[in-house]
Amino acid sequence: MKILRIDMGAEGGPRVVESGLGEYEGFGGRGLTSAIVSLEVPPDCHPLSGENKLVIAPGLLSGTTGAMTGRISVGCKSPLTGTIKEANAGGQPAQVLARLGYAAIVLEGKPRTDDLYVVYIN
């Protein structure tokens, strides 16, 4: 499994980097989103700043043949509360992301323009 990091604030437009799990080995879903935000986002940053990160992670069992295992978690520092918040949902996105070998997608940085971007993974 790997982590896909997309730096939206990179010079010349978004930059994509794949990395191994490293210190996040054994985490998935809600635990992974909270761990990344907790360790990588400064606690005093503004939630709408480029220092915040949006983390999308399938659960540990997503992508397996286990019944009801397709859960995806989305977490970041919340603009509403200023704390780490996470939401999750069921369905195909978690299954597909896990089958493609991704433990998480991390959107970081703030775009320099108001352009609209689409993340397309196949």
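Which residues are buried in helix H2 (residues 92-99)? I found Ala94, Gln95, Leu97 and Ala98 buried there, where buried means under 20% relative accessible area, exposed means over 50%, and partly exposed lies in between (1.4 Å probe, protein chains only).

A note on ground rules before I go on. This is a predicted model, in which local features need pLDDT of at least 70 and side-chain atom pairs count only at pLDDT 80 or more, while totals for chains, interfaces and linings use all residues. Residues are numbered from 1 along each chain as its sequence is written, and side-chain values use heavy atoms, with hydrogens and water left out.

**Around H2.** I took helices (H or I, at least four residues) and strands (E, at least two) as DSSP runs, numbered from the N terminus. The cover over the buried residues of H2 includes S3, S4 and S6. Just after H2, I noted that glycine 101 has a positive phi of about 95°.

**The sheet.** Next I traced an open sheet of 6 strands, with mixed pairing and the order S2-S1-S6-S3-S4-S5. Two strands pair if DSSP finds at least two bridges between them. Strand S2 (15-20) and strand S5 (84-90) are at the edges with a single partner strand each, so one side of each has no neighbour in the sheet. On average, neighbouring strands are turned by 15° against each other, direction ignored. I also checked S1 (residues 2-7) and S2: they run antiparallel and are joined by 6 bridges. Arginine 5 stands opposite valine 17 in S2.

H1 lies across S1, S3 (53-58), S4 (71-77), S5 and S6 (102-108), and it runs at about 155° to S3. For such angles, axes are lines fitted to C-alpha atoms, for helices over the stretch in contact (heavy atoms within 4.5 Å), and the angles run from 0 to 180 degrees between N-to-C directions. Within H1 (residues 29-40) I picked threonine 33, which is buried at a relative accessible area of 1%. Not counting residues up to four places away in sequence, threonine 33 touches Val55, Ala57, Ser73, Val74, Gly75 and Glu86. A polar atom of the threonine 33 side chain is 3.0 Å from the backbone oxygen of arginine 30.

**Salt bridges.** I counted 7 salt bridges, each a side-chain nitrogen of Lys or Arg within 4 Å of a carboxyl oxygen of Asp or Glu. One of them joins arginine 5 to glutamate 108, with the closest N and O atoms 3.4 Å apart. That pair links distant parts of the chain, S1 and S6, 103 residues apart. Both arginine 5 and glutamate 108 are buried. Arg5 and Glu108 are also linked with Glu40 and Lys53 in a network of salt bridges.

Glutamate 86 pairs with arginine 30 in another salt bridge, the closest N and O atoms being 3.1 Å apart. Glutamate 86 is in S5 and arginine 30 in H1, so this pair ties together parts 56 residues apart in sequence.

**Cysteines.** How many disulfides are there? My count is 0, a disulfide being a pair of cysteine sulfur atoms within 2.5 Å. The sulfur of cysteine 45 is 9.9 Å from the closest cysteine sulfur, that of cysteine 76, which is too far for a bond. Cysteine 45 is buried, at a relative accessible area of 4%.

Definitions and conventions: Polar contact = N/O pair within 3.5 Å; in protein donor to acceptor, adjacent residues only side chain to side chain.
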